[in-house]
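Visitor: I have a structure open and would like to talk it through. Can we go step by step?

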Amino acid sequence: MELTESKSYTRSLIPFLDRSHSIAQPGFSRWLVPPAALCVHLCIGQAYAFSVFNLPMTKLIGVTQSAPDDWRLTQLGWIFSLAIFFLGVSSAVFGRWVEEGGPRKAMFTAALCWAGGFFISALGVKVHNLWLIYLGYGVLGGVALGIGYISPVSTLIKWFPDRPGMATGMAIMGFGGGAFIASPLSVWLMSRFSTPTHIGVMETFLVLGVVYLFFMLVGAMLVRVPPPGWAPAGYVAPVQSKKLISRNDVFVYDALKTPQFWLIWWVLCLNVTAGIGVLGQASAMSQEMFPGQITPVAAAGFVGLMSLFNMGGRFAWATTSDYIGRRNTYFVFMVLGFILYCTVPHAGSTGNVALFVICFLIIISMYGGGFSTVPAYLKDMFGVRYVGAIHGLLLTAWSAAGIFGPVIVNYLREYNITHGVPKAQAYNNTMYIMAGLLVIGFICNLMVKAVDARFHMKDSDGVGSAAAAAAKA
Amino acid sequence: MSNATQDGSTKLKLFLAWGFVGIPLVWGVLQTLTNAMKLFQ
């Protein structure tokens, strides 16, 4: 019964999109799969650059300055928040569908949703209806973010069993890099379409929608899944299995019942919380900690440099994890992060800008590395079969961290300043709290052991132990 | 001969696919790097 349902679940109205139609033919190079994944991740990574539209969208009626009927920044801030919220929800809800339907169908769906989100938002700008933008970019775009983010993960791991960290690191690096393209491109497009009486946000949304649709569809066409039993030439699976690398698969919803899932959830959440809080406040923090030494222009440069390290860290740390192991990589994040967070107040009190910059660049590289290493960590724990879906469920940790991190940084700063702490020292407590969070993360990571055999899938038909028990009942 | 053709075709596909994603990415990185240099000015 379950098997029949599972099979019909993956059938498509357009057979070309089915997993069975995207199996690689002999001679296909696996190195074509990372660019296919990057086609999607570079596009959806635009989300990090959405803030470039915020200010222009507050002047759509007034043009030179905000009119009374123009939208306010606080209203516009909800667009990005909604998108990130629906990223977490959709990756959790559609994870199994993505896994069973295959990457091509998922990428195709993500492309339609992402471009559709831009088109609906363009209409929202045209008729000046913010709810349409909430629906377009926030909801539909958020669904595209979730589906697109997890779509290539398990495929890459299957193509690169010898280097799963590097493979997923490349794709997730694209998500970090998408903003580098989107930000200057959006600014340029808006300048092209704007006139003295009109701000070209609508036209920019339309062009971006078309460009992203094209790019993502190319990715969907390019992607292939390996034939069953495929392995890279010369690759020999380790004869002696490692304690923390499972050869058994765990059904997606059974993974939720394991302590390992929740421990890794906390490890990711705490690592991201520590990074995301300072990422959002880097410009203000650097200027307040080094008054007179770091100017607003230099602070903008610092933020740009942090973005580069965020992207580079995604590739470098995930690749490193192939050699030192996933758990050890997170140990490095926690220990090194602890030392660096404790060093930042010292750098501030001694006015050592170089030390401050180095600390944060390494911290932010580990923030990116946390995202990119986790798919391979999940694969080690729960096997390849449902890793994309399990990864989707784990991304709720990101949504939670998106709330915790900025709240800790912003509220503690406010609290300190209102209690008479000089601005230059207002972040010291925050740094120590972040270091403390990493200690908790270290303990969680330390507690991660191999998944109990009772959670392993008993057969290869997609039925997990719990699902099988339910079916029997 | 047919293997050689297949190899050539695969190399061309790889070149095009990586160029398709690599060129915009490198452009974006250079733009960001140019802005980031303001930190050292």
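Visitor: Where does the model come from?

Guide: It is a predicted model.

Visitor: OK. What is the secondary structure of chain A, helices or strands?

Guide: Chain A has 19 helices and 0 strands. Its radius of gyration is 23 Å, close to the 23 Å that the globule rule gives for 473 residues, so chain A is as compact as a globular protein of that length.

Visitor: And what box do the C-alpha atoms of chain A fill?

Guide: Along the principal axes, the box is roughly 65 × 50 × 45 Å.

Visitor: How much of chain A is buried?

Guide: Of the 473 residues in chain A, 51% are buried. On contacts, take those in chain A between residues at least 6 apart in sequence: 82% of them join residues at least 24 apart.

Visitor: Then what are the angle and distance for α12 and α17 of chain A?

Guide: Helix α12(A), residues 259–289, packs on helix α17(A), residues 396–418, at an angle of about 45°. Their axes are 7 Å apart.

Visitor: Which residues make the contact?

Guide: On α12(A) they include W265(A), L268(A) and I276(A), and on α17(A) they include W398(A), F404(A) and V409(A). By class, the residues of this contact are 14 nonpolar, 6 polar and no charged.

Visitor: How do α14 and α18 of chain A pack?

Guide: Helix α14(A), residues 326–350, and helix α18(A), residues 428–446, pack at about 160° with their axes 8 Å apart. That angle makes α14(A) roughly antiparallel to α18(A).

Visitor: Left-handed or right-handed crossing?

Guide: Left-handed, for α14(A) passing α18(A). Residues in the contact include R327(A), Y330(A) and F338(A) from α14(A), with N428(A), Y432(A) and F442(A) among those from α18(A). The classes there are 16 nonpolar, 4 polar and 1 charged.

Visitor: What is the phi of V63(A)?

Guide: It is positive, about 60°, although V63(A) is not a glycine. V63(A) sits in the loop between α3 (54–57) and α4 (73–93) of chain A.

Visitor: Is V63(A) buried, exposed or partly exposed?

Guide: Partly exposed, because V63(A) has 16 other C-beta atoms within 10 Å, and buried would need 20 or more.

Visitor: And what about H128(A)?

Guide: H128(A) is not a glycine either, and it has a positive phi of about 55°. It lies in the loop between α6 (103–126) and α7 (130–150) of chain A. With 14 other C-beta atoms within 10 Å, H128(A) is partly exposed.

Visitor: Last topic, chain B. How many helices and strands are in it?

Guide: Chain B has 1 helix and 0 strands. Of its 41 residues, 20% are buried.

Visitor: How many residues of chain B are in contact with chain A?

Guide: There are 21 in chain B, in contact with 23 residues of chain A. The side of chain B that touches chain A has 13 nonpolar, 6 polar and 2 charged residues.

Note on methods:
Residues numbered from 1 in each chain as written. Chains lettered and ligands numbered in written order. Predicted model: local features only at pLDDT ≥ 70, side-chain atom pairs only at ≥ 80, totals over all residues. Contact = placed C-beta atoms within 7 Å. Nonpolar A, V, L, I, M, F, W, Y, C, P; charged D, E, K, R; others polar. Helix = DSSP H or I, 4+ residues; strand = E, 2+ residues; numbered from the N terminus. Buried ≥ 20, exposed ≤ 12 C-beta atoms within 10 Å, placed from the backbone. Axes fitted to C-alpha atoms, helices over the stretch in contact; angles between N-to-C directions. Rg over C-alpha atoms; globule rule 2.2 N^0.38 Å. Parallel < 35°, antiparallel > 145°, perpendicular 65-115°, else oblique. Left-handed = near helix turned anticlockwise from the far one by under 90°.
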